[in-house]
Amino acid sequence: MNKKTKLELTWIGKENRPKLEPRILLEDAEKSCHAPHRVSENDFFDNRLIFGDNLLALKALEQEFAGKIKCVCIDPPYNTGAAWEQYDDSIEHSLWLNLMRDRLEILTRLLKPDGSMWICLDDNEVHYLKILCDEILGRPNFLGSVVWQHSVQGKGYSGKFSVHHNYLLAYQRSEAFVLGDLPRREEHNTNYSNPDNDPRGPWRAGDVRNALYRPNLIYDLITPSGKVIKPPPKGWRWSKETMAEKIRTGQIIFRNHETRIVHKIYLQDQEGRVPETVWFGEDVGTTREASSESKKLFGLTNAFATPKPERLLERVIQISTQPGDWVLDSFAGSGTTGAVAHKMGRRWIMVELGEHCHTHIIPRLKKVIDGQDPGGITEAVNWKGGGGFRYYRLAPSLLEKDKWGNWVINKQYQAAMLAEAVCKLEGFIYAPSDTVYWQHGHSTEQDFIYVTTQNLNHDQLQQLSDEVGPNRTLLVMCTAFRSKPERYPNLTLKKIPKTVLSRCEWGKDDYSLQVENLPQAPPKPGQQHLGLE
Ligand SMILES: C[S@@+](CC[C@H](N)C(=O)[O-])C[C@H]1O[C@@H](n2cnc3c(N)ncnc32)[C@H](O)[C@@H]1O
(Lines give C-alpha, C1' and ligand atoms only; values in the text may rest on other atoms or scores of the structure.)
Protein backbone atom coordinates (compact mmCIF):
# COMPACT_ATOMS: atom_id res chain seq x y z
CA MET A 1 0.00 0.00 0.00
CA ASN A 2 1.30 3.44 -0.89
CA LYS A 3 1.08 5.34 2.38
CA LYS A 4 1.87 8.96 1.60
CA THR A 5 2.82 10.92 4.67
CA LYS A 6 4.09 14.44 5.12
CA LEU A 7 5.37 16.58 7.93
CA GLU A 8 2.42 18.60 9.14
CA LEU A 9 0.65 19.96 12.17
CA THR A 10 -2.72 18.40 12.85
CA TRP A 11 -5.52 19.53 15.13
CA ILE A 12 -9.14 18.74 15.85
CA GLY A 13 -11.26 19.87 12.94
CA LYS A 14 -8.36 20.62 10.54
CA GLU A 15 -10.27 18.94 7.72
CA ASN A 16 -13.27 21.28 8.14
CA ARG A 17 -13.15 24.01 5.55
CA PRO A 18 -15.83 26.62 5.09
CA LYS A 19 -17.33 27.10 1.62
CA LEU A 20 -17.35 30.87 1.64
CA GLU A 21 -19.87 33.01 -0.16
CA PRO A 22 -18.09 35.72 -2.15
CA ARG A 23 -20.07 38.67 -0.82
CA ILE A 24 -20.14 42.11 -2.32
CA LEU A 25 -19.08 45.12 -0.27
CA LEU A 26 -21.47 48.01 0.30
CA GLU A 27 -20.07 51.48 0.80
CA ASP A 28 -21.58 53.70 3.49
CA ALA A 29 -20.55 57.11 2.18
CA GLU A 30 -21.47 58.81 5.46
CA LYS A 31 -18.72 56.90 7.24
CA SER A 32 -16.17 57.31 4.43
CA CYS A 33 -13.77 60.22 4.75
CA HIS A 34 -11.90 62.30 2.20
CA ALA A 35 -9.68 65.35 2.58
CA PRO A 36 -11.41 68.39 1.05
CA HIS A 37 -8.48 69.04 -1.29
CA ARG A 38 -5.26 67.42 -2.43
CA VAL A 39 -2.31 68.02 -0.12
CA SER A 40 0.18 66.33 -2.45
CA GLU A 41 0.25 64.56 -5.81
CA ASN A 42 0.63 61.26 -3.97
CA ASP A 43 -2.61 61.40 -1.96
CA PHE A 44 -4.62 58.19 -2.06
CA PHE A 45 -8.38 58.27 -1.67
CA ASP A 46 -9.19 54.63 -2.49
CA ASN A 47 -8.09 53.09 0.82
CA ARG A 48 -10.66 50.75 2.33
CA LEU A 49 -11.99 50.14 5.80
CA ILE A 50 -14.25 47.09 6.02
CA PHE A 51 -16.46 46.44 9.02
CA GLY A 52 -17.17 42.76 9.51
CA ASP A 53 -15.70 39.31 9.95
CA ASN A 54 -12.40 39.16 8.13
CA LEU A 55 -12.91 35.73 6.58
CA LEU A 56 -15.92 36.88 4.57
CA ALA A 57 -14.24 40.25 3.98
CA LEU A 58 -11.08 38.64 2.58
CA LYS A 59 -13.18 36.40 0.37
CA ALA A 60 -15.01 39.52 -0.81
CA LEU A 61 -11.69 41.16 -1.71
CA GLU A 62 -10.26 38.14 -3.49
CA GLN A 63 -11.69 38.74 -6.95
CA GLU A 64 -10.35 42.31 -7.17
CA PHE A 65 -7.17 42.03 -5.10
CA ALA A 66 -5.76 38.55 -5.72
CA GLY A 67 -2.03 39.01 -6.41
CA LYS A 68 -2.11 42.76 -5.71
CA ILE A 69 -1.23 43.20 -2.02
CA LYS A 70 2.42 44.00 -1.35
CA CYS A 71 2.36 43.58 2.41
CA VAL A 72 0.01 41.77 4.75
CA CYS A 73 0.68 42.78 8.33
CA ILE A 74 -1.58 41.23 10.96
CA ASP A 75 -1.73 41.24 14.72
CA PRO A 76 -4.36 38.58 15.42
CA PRO A 77 -5.67 37.70 18.87
CA TYR A 78 -2.76 35.96 20.60
CA ASN A 79 -4.94 33.28 22.18
CA THR A 80 -3.70 34.22 25.61
CA GLY A 81 -6.81 33.05 27.43
CA ALA A 82 -7.45 36.60 28.57
CA ALA A 83 -10.74 38.36 27.82
CA TRP A 84 -9.87 41.89 26.77
CA GLU A 85 -12.39 44.61 27.06
CA GLN A 86 -12.97 45.03 23.33
CA TYR A 87 -12.85 41.43 22.10
CA ASP A 88 -12.76 37.81 23.19
CA ASP A 89 -9.24 36.44 23.05
CA SER A 90 -9.78 33.03 24.65
CA ILE A 91 -10.27 30.76 21.69
CA GLU A 92 -9.12 27.20 22.14
CA HIS A 93 -6.04 26.11 20.24
CA SER A 94 -7.72 24.03 17.55
CA LEU A 95 -10.29 26.65 16.93
CA TRP A 96 -7.62 29.32 16.76
CA LEU A 97 -5.56 27.30 14.28
CA ASN A 98 -8.62 26.75 12.06
CA LEU A 99 -9.45 30.42 12.26
CA MET A 100 -5.91 31.37 11.25
CA ARG A 101 -5.53 28.69 8.54
CA ASP A 102 -8.67 29.76 6.69
CA ARG A 103 -7.63 33.41 6.79
CA LEU A 104 -3.96 32.82 5.97
CA GLU A 105 -4.90 30.86 2.86
CA ILE A 106 -6.85 33.77 1.40
CA LEU A 107 -4.30 36.32 2.60
CA THR A 108 -1.62 34.35 0.75
CA ARG A 109 -3.66 34.42 -2.46
CA LEU A 110 -4.00 38.19 -2.12
CA LEU A 111 -0.24 38.72 -2.00
CA LYS A 112 1.76 39.91 -5.00
CA PRO A 113 4.53 37.54 -6.08
CA ASP A 114 6.99 40.06 -4.61
CA GLY A 115 4.86 40.59 -1.52
CA SER A 116 5.36 39.53 2.07
CA MET A 117 3.37 38.59 5.16
CA TRP A 118 4.13 39.69 8.73
CA ILE A 119 2.32 38.12 11.68
CA CYS A 120 2.69 39.43 15.21
CA LEU A 121 2.36 36.77 17.94
CA ASP A 122 3.65 35.70 21.32
CA ASP A 123 4.82 32.38 22.74
CA ASN A 124 1.27 31.04 23.10
CA GLU A 125 0.90 30.12 19.43
CA VAL A 126 3.92 31.34 17.45
CA HIS A 127 5.56 27.93 17.12
CA TYR A 128 2.35 26.29 15.97
CA LEU A 129 1.71 29.08 13.52
CA LYS A 130 5.23 28.79 12.12
CA ILE A 131 4.51 25.19 11.09
CA LEU A 132 1.11 26.16 9.71
CA CYS A 133 2.65 29.01 7.71
CA ASP A 134 5.30 26.65 6.34
CA GLU A 135 2.42 24.53 5.04
CA ILE A 136 0.55 27.45 3.49
CA LEU A 137 3.32 29.76 2.27
CA GLY A 138 6.05 27.18 1.79
CA ARG A 139 8.98 26.61 4.12
CA PRO A 140 11.55 28.11 1.71
CA ASN A 141 9.58 31.36 1.86
CA PHE A 142 10.22 31.85 5.58
CA LEU A 143 12.17 35.09 5.88
CA GLY A 144 12.74 35.06 9.59
CA SER A 145 11.30 35.36 13.03
CA VAL A 146 11.81 38.84 14.41
CA VAL A 147 11.99 39.26 18.16
CA TRP A 148 10.38 42.52 19.18
CA GLN A 149 11.31 43.80 22.64
CA HIS A 150 7.85 45.00 23.63
CA SER A 151 8.68 46.06 27.16
CA VAL A 152 11.69 47.24 29.07
CA GLN A 153 10.50 47.27 32.70
CA GLY A 154 10.79 43.97 34.60
CA LYS A 155 7.51 42.27 35.50
CA GLY A 156 8.82 41.33 38.94
CA TYR A 157 7.30 37.87 39.54
CA SER A 158 10.16 35.91 41.06
CA GLY A 159 10.61 32.34 39.89
CA LYS A 160 9.22 33.13 36.43
CA PHE A 161 10.76 34.63 33.31
CA SER A 162 9.97 38.26 32.85
CA VAL A 163 8.76 38.12 29.25
CA HIS A 164 9.91 41.09 27.22
CA HIS A 165 9.30 40.07 23.66
CA ASN A 166 6.77 39.20 21.00
CA TYR A 167 7.51 37.78 17.57
CA LEU A 168 6.92 38.86 14.03
CA LEU A 169 6.89 35.88 11.69
CA ALA A 170 7.92 37.08 8.25
CA TYR A 171 7.24 35.21 5.00
CA GLN A 172 7.74 36.13 1.38
CA ARG A 173 5.18 35.08 -1.24
CA SER A 174 7.98 33.97 -3.55
CA GLU A 175 11.65 34.58 -4.27
CA ALA A 176 10.67 37.74 -6.14
CA PHE A 177 10.41 39.55 -2.79
CA VAL A 178 13.32 41.83 -1.84
CA LEU A 179 13.78 42.78 1.79
CA GLY A 180 14.50 46.49 1.92
CA ASP A 181 17.24 48.20 3.90
CA LEU A 182 16.80 50.42 6.91
CA PRO A 183 18.19 53.95 6.84
CA ARG A 184 21.81 54.23 7.92
CA ARG A 185 22.81 56.48 10.77
CA GLU A 186 26.29 57.57 11.92
CA GLU A 187 26.26 55.07 14.82
CA HIS A 188 26.08 52.20 12.33
CA ASN A 189 29.43 53.14 10.81
CA THR A 190 31.55 52.71 13.92
CA ASN A 191 32.89 49.28 12.87
CA TYR A 192 34.44 50.69 9.69
CA SER A 193 38.08 51.86 9.63
CA ASN A 194 40.96 52.11 7.18
CA PRO A 195 44.05 50.56 8.84
CA ASP A 196 45.77 49.86 5.49
CA ASN A 197 44.96 53.21 3.85
CA ASP A 198 42.81 51.55 1.23
CA PRO A 199 42.02 54.22 -1.42
CA ARG A 200 38.38 53.01 -1.40
CA GLY A 201 38.04 54.27 2.16
CA PRO A 202 36.95 52.70 5.47
CA TRP A 203 36.00 49.04 5.48
CA ARG A 204 35.11 46.21 7.84
CA ALA A 205 35.79 42.48 7.62
CA GLY A 206 32.86 40.42 6.35
CA ASP A 207 32.20 36.70 6.67
CA VAL A 208 33.88 34.44 4.11
CA ARG A 209 32.05 31.25 5.19
CA ASN A 210 28.88 30.01 3.57
CA ALA A 211 25.91 29.77 5.93
CA LEU A 212 24.44 26.84 3.97
CA TYR A 213 26.16 23.58 3.07
CA ARG A 214 27.39 24.12 -0.50
CA PRO A 215 29.55 21.17 -1.71
CA ASN A 216 30.44 22.99 -4.95
CA LEU A 217 31.98 25.83 -2.94
CA ILE A 218 34.22 23.56 -0.88
CA TYR A 219 37.68 23.91 -2.43
CA ASP A 220 41.27 24.59 -1.34
CA LEU A 221 42.46 28.14 -1.83
CA ILE A 222 46.03 28.54 -3.09
CA THR A 223 47.73 31.73 -1.82
CA PRO A 224 50.16 33.87 -3.92
CA SER A 225 53.15 32.10 -2.34
CA GLY A 226 51.62 28.66 -2.96
CA LYS A 227 50.28 27.94 0.53
CA VAL A 228 46.95 26.08 0.89
CA ILE A 229 44.04 27.49 2.90
CA LYS A 230 41.45 24.83 3.68
CA PRO A 231 37.77 25.71 3.07
CA PRO A 232 35.29 26.27 5.90
CA PRO A 233 33.13 23.18 6.68
CA LYS A 234 30.14 24.38 4.63
CA GLY A 235 32.20 25.97 1.87
CA TRP A 236 33.29 29.45 0.82
CA ARG A 237 30.83 32.17 -0.01
CA TRP A 238 31.99 32.45 -3.61
CA SER A 239 32.92 30.27 -6.55
CA LYS A 240 36.60 29.87 -7.48
CA GLU A 241 36.21 32.45 -10.27
CA THR A 242 34.53 35.08 -8.09
CA MET A 243 37.10 34.49 -5.35
CA ALA A 244 39.96 35.02 -7.85
CA GLU A 245 38.35 38.24 -9.07
CA LYS A 246 37.92 39.58 -5.53
CA ILE A 247 41.57 38.76 -4.77
CA ARG A 248 42.64 40.51 -7.98
CA THR A 249 40.71 43.71 -7.10
CA GLY A 250 41.96 43.71 -3.50
CA GLN A 251 38.52 43.16 -2.01
CA ILE A 252 39.88 39.94 -0.50
CA ILE A 253 43.29 40.15 1.15
CA PHE A 254 45.54 37.56 2.81
CA ARG A 255 46.42 37.84 6.50
CA ASN A 256 48.47 36.04 9.19
CA HIS A 257 51.23 34.92 6.82
CA GLU A 258 48.70 33.83 4.21
CA THR A 259 46.89 31.46 6.57
CA ARG A 260 43.52 33.21 6.32
CA ILE A 261 41.63 35.65 4.11
CA VAL A 262 39.78 38.85 4.94
CA HIS A 263 36.81 40.07 2.90
CA LYS A 264 36.54 43.85 2.85
CA ILE A 265 33.09 45.43 2.99
CA TYR A 266 33.44 49.11 2.12
CA LEU A 267 31.48 51.86 3.82
CA GLN A 268 31.10 53.67 0.49
CA ASP A 269 29.07 50.71 -0.84
CA GLN A 270 26.66 50.74 2.11
CA GLU A 271 23.57 52.79 1.35
CA GLY A 272 21.25 51.39 3.99
CA ARG A 273 21.45 48.94 6.83
CA VAL A 274 20.40 45.33 6.56
CA PRO A 275 17.51 44.71 9.01
CA GLU A 276 18.37 42.49 11.93
CA THR A 277 16.08 39.99 13.66
CA VAL A 278 16.11 41.66 17.08
CA TRP A 279 14.09 44.87 17.19
CA PHE A 280 14.65 46.90 20.33
CA GLY A 281 11.98 48.92 22.03
CA GLU A 282 14.06 52.08 21.82
CA ASP A 283 14.13 51.74 18.01
CA VAL A 284 10.57 50.58 17.21
CA GLY A 285 8.61 51.42 20.35
CA THR A 286 7.17 49.32 23.17
CA THR A 287 3.64 48.45 24.29
CA ARG A 288 3.96 51.31 26.78
CA GLU A 289 4.66 53.70 23.89
CA ALA A 290 1.68 52.22 22.02
CA SER A 291 -0.61 52.72 25.03
CA SER A 292 0.51 56.29 25.40
CA GLU A 293 -0.15 56.88 21.65
CA SER A 294 -3.59 55.35 22.10
CA LYS A 295 -4.36 57.49 25.16
CA LYS A 296 -3.39 60.63 23.25
CA LEU A 297 -5.68 59.64 20.40
CA PHE A 298 -8.72 58.38 22.33
CA GLY A 299 -8.38 59.72 25.85
CA LEU A 300 -7.42 58.00 29.08
CA THR A 301 -10.58 55.96 29.52
CA ASN A 302 -11.13 55.04 25.89
CA ALA A 303 -7.61 53.92 24.92
CA PHE A 304 -7.42 50.64 22.98
CA ALA A 305 -6.40 47.63 25.09
CA THR A 306 -3.76 46.06 22.81
CA PRO A 307 -2.38 48.57 20.32
CA LYS A 308 0.97 48.31 18.59
CA PRO A 309 3.37 51.28 18.48
CA GLU A 310 3.38 53.19 15.19
CA ARG A 311 7.16 52.84 14.91
CA LEU A 312 6.86 49.04 14.83
CA LEU A 313 4.53 49.18 11.84
CA GLU A 314 6.72 51.85 10.27
CA ARG A 315 9.64 49.46 10.26
CA VAL A 316 7.66 46.59 8.70
CA ILE A 317 6.25 48.86 6.01
CA GLN A 318 9.62 50.49 5.38
CA ILE A 319 11.44 47.23 4.63
CA SER A 320 8.64 45.50 2.75
CA THR A 321 6.96 48.14 0.56
CA GLN A 322 7.38 51.21 -1.62
CA PRO A 323 5.14 54.30 -1.71
CA GLY A 324 1.85 53.52 -3.45
CA ASP A 325 1.92 49.79 -2.58
CA TRP A 326 -1.11 48.12 -0.97
CA VAL A 327 -0.80 47.18 2.71
CA LEU A 328 -3.49 44.96 4.28
CA ASP A 329 -4.36 44.34 7.93
CA SER A 330 -7.36 42.09 8.51
CA PHE A 331 -7.15 42.30 12.33
CA ALA A 332 -7.11 46.08 12.46
CA GLY A 333 -7.79 46.74 16.16
CA SER A 334 -7.42 50.48 16.66
CA GLY A 335 -6.16 50.96 13.09
CA THR A 336 -2.41 51.38 13.64
CA THR A 337 -1.42 49.67 10.38
CA GLY A 338 -3.69 51.87 8.28
CA ALA A 339 -2.68 55.05 10.11
CA VAL A 340 1.03 54.32 9.60
CA ALA A 341 0.60 53.14 5.98
CA HIS A 342 -1.38 56.32 5.26
CA LYS A 343 1.29 58.59 6.75
CA MET A 344 3.94 56.71 4.74
CA GLY A 345 2.13 57.19 1.42
CA ARG A 346 1.03 53.57 1.00
CA ARG A 347 -2.48 52.43 0.10
CA TRP A 348 -4.23 50.37 2.76
CA ILE A 349 -7.08 47.99 3.45
CA MET A 350 -8.19 47.23 7.00
CA VAL A 351 -10.84 44.84 8.32
CA GLU A 352 -12.23 44.92 11.84
CA LEU A 353 -15.30 43.23 13.26
CA GLY A 354 -15.40 44.94 16.65
CA GLU A 355 -17.39 48.07 17.38
CA HIS A 356 -14.03 49.82 17.80
CA CYS A 357 -14.02 49.97 13.99
CA HIS A 358 -16.38 52.92 14.55
CA THR A 359 -15.24 54.19 17.93
CA HIS A 360 -11.49 54.02 17.25
CA ILE A 361 -10.46 53.40 13.64
CA ILE A 362 -12.71 55.93 11.91
CA PRO A 363 -11.90 58.84 14.27
CA ARG A 364 -8.19 57.95 14.18
CA LEU A 365 -7.98 57.88 10.39
CA LYS A 366 -10.04 61.07 10.14
CA LYS A 367 -7.47 62.79 12.34
CA VAL A 368 -4.67 61.45 10.13
CA ILE A 369 -6.42 62.70 6.98
CA ASP A 370 -7.19 66.10 8.52
CA GLY A 371 -3.56 66.47 9.64
CA GLN A 372 -4.82 66.53 13.25
CA ASP A 373 -2.81 63.59 14.58
CA PRO A 374 0.54 64.92 15.76
CA GLY A 375 1.50 61.61 17.48
CA GLY A 376 3.22 58.40 16.42
CA ILE A 377 5.41 58.74 13.33
CA THR A 378 3.77 61.96 12.09
CA GLU A 379 6.80 64.18 12.72
CA ALA A 380 9.37 61.61 11.60
CA VAL A 381 7.73 61.20 8.18
CA ASN A 382 6.63 64.85 7.97
CA TRP A 383 2.96 63.95 7.57
CA LYS A 384 0.71 66.94 6.85
CA GLY A 385 -2.64 65.27 6.14
CA GLY A 386 -4.55 64.39 2.96
CA GLY A 387 -6.04 61.41 1.12
CA GLY A 388 -9.04 59.47 2.33
CA PHE A 389 -10.75 56.12 2.72
CA ARG A 390 -14.02 54.43 1.86
CA TYR A 391 -15.96 52.58 4.54
CA TYR A 392 -17.63 49.32 3.58
CA ARG A 393 -19.70 46.66 5.23
CA LEU A 394 -20.40 43.21 3.91
CA ALA A 395 -23.65 42.77 2.01
CA PRO A 396 -26.06 40.27 3.56
CA SER A 397 -26.11 36.79 2.08
CA LEU A 398 -27.47 36.70 -1.48
CA LEU A 399 -29.88 33.93 -0.56
CA GLU A 400 -32.23 33.60 2.37
CA LYS A 401 -34.81 31.01 3.34
CA ASP A 402 -38.46 31.82 2.80
CA LYS A 403 -41.13 30.80 5.32
CA TRP A 404 -41.29 27.32 3.77
CA GLY A 405 -37.56 26.80 4.16
CA ASN A 406 -36.73 27.27 0.45
CA TRP A 407 -33.71 29.30 -0.60
CA VAL A 408 -34.77 32.46 -2.42
CA ILE A 409 -33.00 35.67 -3.46
CA ASN A 410 -32.64 37.93 -0.43
CA LYS A 411 -35.30 40.67 -0.49
CA GLN A 412 -32.65 43.25 0.45
CA TYR A 413 -31.00 42.81 -2.95
CA GLN A 414 -32.17 45.39 -5.46
CA ALA A 415 -31.33 44.91 -9.15
CA ALA A 416 -27.84 46.48 -9.14
CA MET A 417 -26.75 44.60 -6.02
CA LEU A 418 -28.06 41.35 -7.45
CA ALA A 419 -26.18 41.87 -10.71
CA GLU A 420 -22.95 42.68 -8.87
CA ALA A 421 -23.30 39.72 -6.51
CA VAL A 422 -24.03 37.22 -9.27
CA CYS A 423 -21.13 38.57 -11.36
CA LYS A 424 -18.83 37.93 -8.40
CA LEU A 425 -20.25 34.48 -7.82
CA GLU A 426 -19.74 33.51 -11.45
CA GLY A 427 -16.27 35.06 -11.66
CA PHE A 428 -17.28 37.92 -13.98
CA ILE A 429 -16.10 41.52 -13.61
CA TYR A 430 -19.07 43.69 -12.73
CA ALA A 431 -19.15 46.56 -15.25
CA PRO A 432 -22.75 47.42 -16.13
CA SER A 433 -23.14 49.09 -19.51
CA ASP A 434 -25.04 52.41 -19.72
CA THR A 435 -26.42 51.53 -23.13
CA VAL A 436 -26.78 47.74 -23.40
CA TYR A 437 -29.26 46.37 -20.84
CA TRP A 438 -27.93 42.80 -20.93
CA GLN A 439 -24.27 43.68 -20.32
CA HIS A 440 -23.86 43.54 -16.53
CA GLY A 441 -20.32 42.28 -16.58
CA HIS A 442 -17.72 40.45 -18.63
CA SER A 443 -15.10 37.75 -18.27
CA THR A 444 -13.36 38.49 -21.60
CA GLU A 445 -13.97 41.02 -24.37
CA GLN A 446 -16.45 38.65 -26.00
CA ASP A 447 -18.05 36.95 -23.00
CA PHE A 448 -20.78 38.76 -21.04
CA ILE A 449 -23.21 38.13 -18.20
CA TYR A 450 -26.85 39.23 -17.81
CA VAL A 451 -28.60 38.92 -14.44
CA THR A 452 -32.37 39.18 -14.15
CA THR A 453 -35.16 38.04 -11.85
CA GLN A 454 -37.42 37.58 -14.89
CA ASN A 455 -38.91 34.34 -16.18
CA LEU A 456 -37.67 34.61 -19.79
CA ASN A 457 -39.78 33.33 -22.70
CA HIS A 458 -38.69 32.29 -26.19
CA ASP A 459 -39.18 35.75 -27.77
CA GLN A 460 -37.07 37.43 -25.13
CA LEU A 461 -34.32 34.82 -25.40
CA GLN A 462 -34.34 34.96 -29.21
CA GLN A 463 -34.02 38.74 -29.09
CA LEU A 464 -31.09 38.45 -26.68
CA SER A 465 -29.43 35.83 -28.85
CA ASP A 466 -29.81 38.03 -31.97
CA GLU A 467 -28.33 41.05 -30.20
CA VAL A 468 -25.38 39.10 -28.84
CA GLY A 469 -24.63 37.84 -32.35
CA PRO A 470 -22.35 35.04 -33.56
CA ASN A 471 -19.04 36.44 -32.26
CA ARG A 472 -19.98 36.92 -28.62
CA THR A 473 -21.36 34.76 -25.83
CA LEU A 474 -23.69 35.58 -22.96
CA LEU A 475 -24.35 33.87 -19.65
CA VAL A 476 -27.97 34.53 -18.70
CA MET A 477 -28.72 34.18 -14.98
CA CYS A 478 -32.50 34.32 -14.53
CA THR A 479 -35.06 32.95 -12.09
CA ALA A 480 -36.68 30.79 -14.81
CA PHE A 481 -36.93 30.34 -18.59
CA ARG A 482 -39.56 28.80 -20.84
CA SER A 483 -37.71 27.47 -23.86
CA LYS A 484 -35.09 24.91 -24.84
CA PRO A 485 -31.55 26.25 -24.08
CA GLU A 486 -30.04 24.47 -27.13
CA ARG A 487 -31.98 26.81 -29.43
CA TYR A 488 -29.58 29.67 -28.63
CA PRO A 489 -25.97 28.58 -29.30
CA ASN A 490 -24.48 31.86 -28.05
CA LEU A 491 -26.42 31.84 -24.76
CA THR A 492 -25.86 29.80 -21.61
CA LEU A 493 -28.97 29.76 -19.43
CA LYS A 494 -28.79 29.21 -15.67
CA LYS A 495 -31.43 29.54 -13.02
CA ILE A 496 -30.85 31.42 -9.79
CA PRO A 497 -30.88 30.38 -7.05
CA LYS A 498 -31.11 26.73 -8.23
CA THR A 499 -27.74 26.50 -10.04
CA VAL A 500 -25.80 28.28 -7.32
CA LEU A 501 -27.27 26.55 -4.27
CA SER A 502 -24.41 24.09 -3.73
CA ARG A 503 -21.73 26.67 -4.57
CA CYS A 504 -21.14 27.87 -1.01
CA GLU A 505 -22.60 28.26 2.48
CA TRP A 506 -25.52 30.70 2.28
CA GLY A 507 -26.85 32.81 5.09
CA LYS A 508 -23.79 32.37 7.32
CA ASP A 509 -22.58 35.71 8.64
CA ASP A 510 -20.27 34.82 11.48
CA TYR A 511 -17.04 32.93 10.89
CA SER A 512 -15.33 34.57 13.82
CA LEU A 513 -15.76 31.27 15.67
CA GLN A 514 -16.89 31.30 19.22
CA VAL A 515 -15.48 28.91 21.82
CA GLU A 516 -18.84 27.14 22.12
CA ASN A 517 -18.41 25.90 18.54
CA LEU A 518 -15.14 24.11 19.26
CA PRO A 519 -14.97 21.07 16.97
CA GLN A 520 -15.44 17.81 18.85
CA ALA A 521 -12.67 15.21 18.82
CA PRO A 522 -13.78 12.19 16.74
CA PRO A 523 -14.77 9.22 18.95
CA LYS A 524 -12.02 6.63 19.47
CA PRO A 525 -12.62 3.25 17.75
CA GLY A 526 -15.23 1.33 19.74
CA GLN A 527 -16.27 4.42 21.65
CA GLN A 528 -19.93 5.32 21.41
CA HIS A 529 -20.64 8.70 19.82
CA LEU A 530 -22.56 10.73 22.33
CA GLY A 531 -24.19 12.78 19.61
CA LEU A 532 -23.85 15.97 21.59
CA GLU A 533 -24.67 18.98 19.49
C1 LIG B 1 -4.46 42.42 18.78
S2 LIG B 1 -5.78 43.32 18.11
C3 LIG B 1 -4.99 44.28 16.88
C4 LIG B 1 -4.41 45.54 17.44
C5 LIG B 1 -3.83 46.44 16.39
N6 LIG B 1 -2.58 45.94 15.87
C7 LIG B 1 -3.63 47.84 16.93
O8 LIG B 1 -2.50 48.35 16.85
O9 LIG B 1 -4.57 48.41 17.41
C10 LIG B 1 -6.67 42.10 17.20
C11 LIG B 1 -7.95 42.60 16.56
O12 LIG B 1 -8.47 41.61 15.70
C13 LIG B 1 -9.88 41.72 15.70
N14 LIG B 1 -10.46 40.48 15.22
C15 LIG B 1 -10.45 39.27 15.82
N16 LIG B 1 -11.11 38.36 15.08
C17 LIG B 1 -11.54 39.01 13.97
C18 LIG B 1 -12.29 38.63 12.83
N19 LIG B 1 -12.71 37.38 12.68
N20 LIG B 1 -12.55 39.55 11.88
C21 LIG B 1 -12.11 40.83 12.02
N22 LIG B 1 -11.39 41.26 13.09
C23 LIG B 1 -11.11 40.36 14.05
C24 LIG B 1 -10.20 42.01 17.16
O25 LIG B 1 -11.49 42.60 17.28
C26 LIG B 1 -9.08 42.94 17.54
O27 LIG B 1 -9.46 44.27 17.36
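Predicted model: local features only at pLDDT ≥ 70, side-chain atom pairs only at ≥ 80, totals over all residues.
Residues are numbered from 1 along each chain as its sequence is written, and side-chain values use heavy atoms, with hydrogens and water left out.

The chain has 533 residues, of which 48% are buried; buried denotes under 20% relative accessible area, exposed over 50%, and partly exposed the range in between, with a 1.4 Å probe and protein chains only. The C-alpha trace spans about 95 × 70 × 60 Å along its principal axes. Twelve helices and 27 strands make up the secondary structure, where helices (H or I, at least four residues) and strands (E, at least two) are DSSP runs numbered from the N terminus. Three domains divide the chain: domain 1 (27–183 + 274–394), domain 2 (186–270) and domain 3 (399–500), with bounds taken from an automatic or database domain assignment. A distance of 40 Å separates the C-alpha centres of domain 1 and domain 3.

Helix 11 comprises residues 415–425 and is largely enclosed by the rest of the structure, because eight of its eleven residues are buried. The buried residues are M417, L418, A419, A421, V422, C423, K424 and L425. At the N-terminal end, helix 11 is capped by Q414, a side-chain oxygen of which lies 3.1 Å from the backbone nitrogen of A416. Helix 11 is followed by G427, which has a positive phi near 75 degrees.

No disulfides are counted: the total is zero under the criterion of a pair of cysteine sulfur atoms within 2.5 Å. C423 is in no disulfide, and the nearest cysteine sulfur, that of C478, is 14 Å away. C478 is likewise in no disulfide, with the sulfur of C423 as its nearest cysteine sulfur at 14 Å. C423 counts as buried at 0% relative accessibility, and C478 is buried with a relative accessible area of 0%.

The second largest pocket has a volume of about 350 Å³. Among the 16 residues that line this pocket, R184, R204, R273, V274 and E276 are the closest to its centre. A pocket is here an open set of points on a 1 Å grid over the protein atoms alone, where a 1.4 Å probe fits, with protein on both sides within 12 Å along at least five of seven lines; lining residues have an atom within 4 Å of a point. Grid points are joined across faces, edges and corners, and the volume is the space filled by probe spheres set on the points. The lining consists of four nonpolar, six polar and six charged residues; Ala, Val, Leu, Ile, Met, Phe, Trp, Tyr, Cys and Pro count as nonpolar, Asp, Glu, Lys and Arg as charged, and the others, Gly among them, as polar. Domain 1 and domain 2 each contribute at least three residues to the lining of the second largest pocket.

Two further residues lie in other helices. D102, in helix 2 (residues 93–110), is buried with a relative accessible area of 10%. The side chain of D102 makes a polar contact with the side chain of R101 at 2.8 Å; such a contact is a pair of N or O atoms within 3.5 Å, and within protein one must be able to donate a hydrogen and the other to accept it, with residues adjacent in sequence counted only if both atoms are side-chain atoms. A380, in helix 10 (residues 378–381), is exposed, with a relative accessible area of 67%. The C-alpha atoms of A380 and G272 are separated by 17 Å, the two residues being 108 residues apart along the chain.
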